[in-house]
Amino acid sequence: MKNILKNREVNSFLFLAGLIFLVGLINQSFWKPETIINCFNDSVVFTLLSAGIAFVILTGEIDVSIGAVLGLSAAVGATLLRDGYGIVAALPAAIIVGALVGLINGIGVAVLNIPSLIFTLGVNGVVRGIVYVYTKGAWVENLPANYTILSNRFLVGNVTYFYGAALVIVIIGHLILTKTRKGKYFVAVGDNAAGATLVGIPADKTKIIAYVLCGVFASMAGMIYASRIGFITPTAGNGYEMKAIAACVLGGLSLTGGIGSLAGASIGAVIMSSISRILVFLGFSSDYDNTITGFLLLTIVVINTAVQNRAALKNRHEILSARTAEKGGKKA
Amino acid sequence: MRTSFSLKTKQIWKKWEFILFLVIVLEIVIFATKNSKFLMPRVLFGSMNDIISICIISLFVTFVMITGGIDIQAGSIVGLSSIILGVAWQDGGVNIWAASFLAMAAAGVCGGISGFFIAYCGVQPMVVTLGGSFLYTGIGLLVSKLSATESYKGINGFPESFLKLSKFKLFGVIPSQVIIFLILAVLAYILLHKTRYGRQVFLVGVNQNAAEYSGIHTKLIIMSTYVLSAVSASVAGIILTSYLGTAKSDIGATLTLPIITAVVLGGTLSTGGKGSVLGTALAAIAIGTLRFGLPLCFKVSQQYLDIPVGILLLVIIIGRAVFGRPELRTYLMKMKWNGKGN
């Protein structure tokens, strides 16, 4: 039982459940299954974004270019769709865009050893600029109706196809990270890159793969964004990187790397994107959105850090007392 | 080995501001040959208006990054202080200068809160200032709802004396924003490089434990850097409000990334312990010249300016990474030789 509570994603899930329960107490209509499932459906873009960036954060790096990657891949995919090439061409094109940018990020961070925040910041500027060049500053509109309607098609009950697909992807990613040998490399590198290298884990390669996966996830999020919104502005996805990072933190990932999971990140994304909906049900205007997000984020990280520091202190005391006890035993 | 390496980095470091200076000169020469209008003092100084907030804030974010932290909430504090100023003046009936002071004080408190969490609770600076950026943007929006004016319109009609803050021109050419920037740059330079406090900031960034053991209140120092950067953000917010003549809660929304770019380009290490005010100031001017010169002389659309600035950042950091690490340079040389051999 104690082990389960220590699990950070379980904590975030309990937090989400508690949130839903509390809001339901105040406004009964929130407890309807379709309302709750809609919270999940609406979070699909952020679910993919934060699951993608979770790979990078787990290795102890950061990627602030995913907002621009989302914008670029959405623009590329949407143009192909508009020109009648169909999803078979659009989705791979978008994914290639995401993977390419991810590869550049990975090489800059892992091979050239440039601090990740700074390198991806530069890439962010360039990619955002390319969006403007590619779209010539105009909106990409007139997406085929059979694509935009896809975001309202239900797979089972009220779960949309997109959320179902995202869920499957996240679960597969989560299982790979936690159950397979290579998947565990990500956490190992984030926990202690030097140590991981010493035991033979290719740290640089792992980081590059993390960035490529992050880009691919961002581009998939971009395609779903295109379907949900129906048009792409040149600023599409602006600021999403910060929200995705915030979602990861809410989901229990540590930005120093090595702690957290994909499941946690996706739960964080649901919390993050449900806040404005919850506010409506509580009778507040959505103007409080940012305030509540910031407040939640700060409270959760401060409490988390305090708990962690206390646990570390307790651990140290235990080790020390065990040592002194050992010495005493030898003397006797 | 170790000394020679540190000596080498020191030499490069010594050259760094010089390289930035060369970049600026190069930009000016290229732009001036392309379009002679560029050199007219009125045009040149007029260009400062658009980048002045980036210049001012990045000076003090340098302090934060030297301690090993990062500040991504400065942009939201610009908006927050602008709207506090506007609401206090219009709806609170406070004198405009008192309102400015109030905005600065509020910003100081915001920086202090974030700094407290970072220094005393040990939370990662990136997370705290990320949370802070959401929180302060949100509070800015809520404050704007207190006003009788619709928030998207912004608060207008400031008194002439306040608008003059940004309209005044020394000798008829040098705008007051440039003067304010220069004064703040000199202040920041003295504070960081000539005072005891500045040495302490550096020492905290190099090794916090050593600093703590040598009797420095490291936590207080770290917290103070966030207060400084927040107050500088509010100064930028006040100047921007005066320049635009409008108080809005979202005027600083796009500043965060350019600020970090300027600081990093200025040679400040993001891991802390190294950096200079002069470098940041030169870098901010280099970015500003680029953003101003390209549209004027090469007809590059305003929207595309992210690309050259991003490329400038990438080229410089990649160059520094390659030349700063001898082993990588020899590795690349070897690859080149192999390529030639084949």
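**Interfaces and selected residues in a predicted two-chain model**

Domain 1 of chain A and domain 2 of chain A bury about 1000 Å² between them, with 76% of that on carbon and sulfur atoms; buried area here is the accessible area (1.4 Å probe) that two parts lose on being put together, summed over both. The model is a predicted one, so local features need pLDDT of at least 70 and side-chain atom pairs count only at pLDDT 80 or more, while totals for chains, interfaces and linings use all residues. Residues are numbered from 1 along each chain as its sequence is written, chains are lettered from A and ligands numbered from 1 in the order in which they are written, and side-chain values use heavy atoms, with hydrogens and water left out.

On to the two domains themselves. Chain A is split into domain 1 (8-284) and domain 2 (288-332), with bounds that come from an automatic or database domain assignment. The C-alpha centres of domain 1 of chain A and domain 2 of chain A sit 31 Å apart. Domain 1 of chain A puts 11 residues into the contact and domain 2 of chain A puts in 10 residues, where contact means heavy atoms within 4.5 Å.

On the side of domain 1 of chain A that touches domain 2 of chain A, the elements giving two or more residues are helix 2 (8-26), helix 13 (240-250) and helix 14 (262-281) of chain A. Helices (H or I, at least four residues) and strands (E, at least two) are DSSP runs, numbered from the N terminus. Helix 14 of chain A supplies the largest share of that side of domain 1, four residues. Sorted by class, the side of domain 1 of chain A that touches domain 2 of chain A holds nine nonpolar, one polar and one charged residues. For that sorting, Ala, Val, Leu, Ile, Met, Phe, Trp, Tyr, Cys and Pro count as nonpolar, Asp, Glu, Lys and Arg as charged, and the others, Gly among them, as polar.

Next comes the interface between the chains. Here 40 residues of chain B are in contact with 44 residues of chain A. Chain B and chain A bury about 3500 Å² between them, 80% of it on carbon and sulfur atoms. Zero salt bridges are found by the rule across the interface of chain B and chain A, but three residue pairs are in polar contact between chain B and chain A (both at pLDDT 80 or more). Helix 6 (125-146), helix 12 (256-265) and helix 14 (306-324) of chain B are the elements that give two or more residues to the side of chain B that touches chain A. Helix 6 of chain B gives the most, with 14 residues. By class, the side of chain B that touches chain A comes out at 27 nonpolar, 10 polar and three charged residues.

One residue of chain A that touches chain B is A:Thr305, which is in contact with B:Cys121, B:Gly122 and B:Val123, leaving aside its neighbours within four places in sequence. A:Thr305 lies in helix 15 (residues 289-331) of chain A and is buried, with a relative accessible area of 10%. Buried means under 20% relative accessible area, exposed over 50%, and partly exposed in between (1.4 Å probe, protein chains only).

Chain B has 15 helices and two strands, and 51% of its 342 residues count as buried. B:Ser114, in helix 5 (residues 96-120) of chain B, is buried at 1% relative accessibility. The side chains of B:Ser114 and B:Gln73 are joined by a polar contact of 2.8 Å.

Back in chain A, A:Ser116 is found in helix 7 and counts as buried at 8% relative accessibility. A polar contact of 2.9 Å links the side chains of A:Ser116 and A:Glu61.

Notes: Salt bridge = Lys/Arg side-chain N within 4 Å of Asp/Glu carboxyl O. Polar contact = N/O pair within 3.5 Å; in protein donor to acceptor, adjacent residues only side chain to side chain.
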